[in-house]
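Q: Please take a close look at one part with me. I am new to this structure.

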Amino acid sequence: MARTSRLAECATAVNKTNLGRRLLMLTCMKPRLLRLQKSTNDSAWGMGVGLAKCTVKGMVEREYSGGKPVHRVTMKEILSTHFFHSFDFCKDDIERRPSENLGQVLFGERIETSPYKFSFKKEEKCHKLCTKTYVNGKTEDKDMLDFLKRGMQLNYQHHWIVDNMPVTWCYDVEDSQKYCNPGFPIGCLVTIDGRVKDACVINSEFNKKNTFYIFNHVDIKITYHNGEGEGWSGARLVAATLEPKSINNADADKPTCEGPPMEVPGVFTSDVKITYTYSVTFQENNAIKWASRWDYILVSMPHTNIQWFSIMNSLVIVLFLSGMVAMIMLRTLHKDIARYNQVDQEDAQEESGWKQVHGDVFRPPRKGMLLSVFLGQGTQIFIMTFITLFLACLGFLSPANRGALMTCSVVLWVLLGTPAGYVSARLYKTFGGEKWKTNVLLTALLCPGIVFADFFLMNLILWVEGSSAAIPFGTLVAILALWFGISVPLTFIGAYFGFKKPAIEQPVRTNQIPRQIPEQSFFTKPIPGIVMGGILPFGCIFIQLFFILNSIWSHQMYYMFGFLFLVFIILLITCSEATILLCYFHLCAEDYHWWWRSFLTSGFTAAYLFVYAFHYFFSKLQIVGAASTILYFGYTSIMVLIFFLFTGTIGFFACFWFVNKIYSVVKVD
């Protein structure tokens, strides 16, 4: 009972203190601090699951009969700082690496075999893996033990996967709820002043000052669905849970898995001997279907019990504001067009308004080359994002299919070089540009080059740090081959067809002499308008952004793709309407420089994204070290750039359509 109450205290602190956050947030970051993970080979048991009312396609169940091996539990470090064996844990006799898809490699999911082996329906009781001895006075042993203690101090965690399902550590929290954490720490620490840190709150026996407690034993429970009586033979794994324990076995050769906790003193003054053991039990449960076996994990995730009312309230507000913007624009424009078409030409000259700039509104922008390149890349990103989210919503890219989301995104981006080249070339020709070779090269190389350079620099840091998350050189060569071998040629093909097409015909002629722009008020000046333009689009995504950042940096599963797709559609509408509204106000103020402004107005949402990521870094994460900080903001910069191109392109084309539409329905002599 004491242990249960301590667990409840720990879970209660999850949303209130850094202590609970550290317990559930793994190692704070993905590519920066070590995160130990163990998983099975993908070829283990088949996988099929329904997530958030989405069906996973292309997955097949696999039945097992008594005595057949349940696949080996292997090790996996996702974007970690060091390999698993760096901590001197027990190793597998035969180490091997299963095949990994491109998405897994890019995310740093490096899989290795582990010594935890068991067979279906064959229970194990206190099975010994190995014993590690650290001799006082040996420099090598001291360094290894210090490294292990450093891992416990930073709350590094194991993650195991059986049959492509995470092995969870489930415990009771307040209100009789159960939380299932897809990981457990390698150990914990009681500080010199007696403060109990992280997972040490689960046991009142963890109370000795300046002492580390390593979890050297796990009780694994495999729950399966029996096929007898249902027309099929064998069994299917439906749940896998464990309970970590710290046990100091009196006899290392014949462990009993009973005794006081395994203490590792903060000061290395005597020999330390750690024996690693595990137990395995099997439980039949036919109430859980194989297709819904992920439910118990997803239901207990922190973001499934969030304030749904708050999210829906935000969506309703955004939809309401969007409707108001659309209604005001339609009514105001209708009156403007009717007035402009009815008044005499002389009266029209005396009036002010957006019609007065009809001779300058389609004047080519400055830096038209760069704008066309950004729009080409933004179109490529937009189509890639739309298809990826659509497939994810259908269930093809569920969390169970590890690496599928990134693989799909990269492949789609490579194959969508043609639309990027076409849009960039067509717009550049419309702007009157003649350096078509430069345009094509910049479209194919500029933005992807910036992303690759940033990614390569981050990878160099991971290499220097000795991280298992570092992308292998061969994978970098493969990415370059995809880029230059497929994406670049497709971009050239798209640009070829874009330049063959005639320039986009404008509804009005452009005057040879530019019109003087009158003095603008504060709110119609470029910078205030651009800054205000990103507020509303960011308002409709910031709640969802919190969960996305959690899934990236705190290793929490993200599966609400249906809701994310809805937010994606709302973002499109909001970016379009906010840009159109501000563009209309500027045209009414007789400021016709709308090309870049329309792109930057909605694109400025990315600036708010960066500010929010900055806030998230300091308020939600507990990052230590310069390398970790650089990695976080380096990867964040990539996301901000992609989001900038994405939102800017939406705003530009919405405004482009709007300007063409309003000037095509007014009479201009």
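Is Asp253 buried or exposed, and at what relative accessibility?

A: Asp253 counts as exposed, because its relative accessibility is 63% (buried is under 20% relative accessible area, exposed over 50%, partly exposed in between, with a 1.4 Å probe and protein chains only). A word on the source: this is a predicted model, where local features need pLDDT of at least 70, side-chain atom pairs count only at pLDDT 80 or more, and totals for chains, interfaces and linings use all residues. Residues are numbered from 1 along each chain as its sequence is written, and side-chain values use heavy atoms, leaving out hydrogens and water.

Now the partner. Asp253 forms a salt bridge with Lys128, with the closest N and O atoms 4.0 Å apart (a salt bridge is a side-chain nitrogen of Lys or Arg within 4 Å of a carboxyl oxygen of Asp or Glu). The pair links distant parts of the chain, 125 residues apart. Asp253 sits in the loop between strand 19 (235-245) and strand 20, and Lys128 in strand 8 (strands are DSSP runs of E, at least two residues; helices are runs of H or I, at least four; both are numbered from the N terminus). Lys128 counts as partly exposed, at 31% relative accessibility.

Strand 8 holds another such residue. Lys132 meets Asp88 in a salt bridge, 3.4 Å from N to O. Lys132 lies in strand 8 (residues 124-134) and Asp88 in the loop between strand 5 (74-78) and helix 3 (102-106), so this pair ties together parts 44 residues apart in sequence. Asp88 is buried, at 17% relative accessible area. The whole structure has ten salt bridges.
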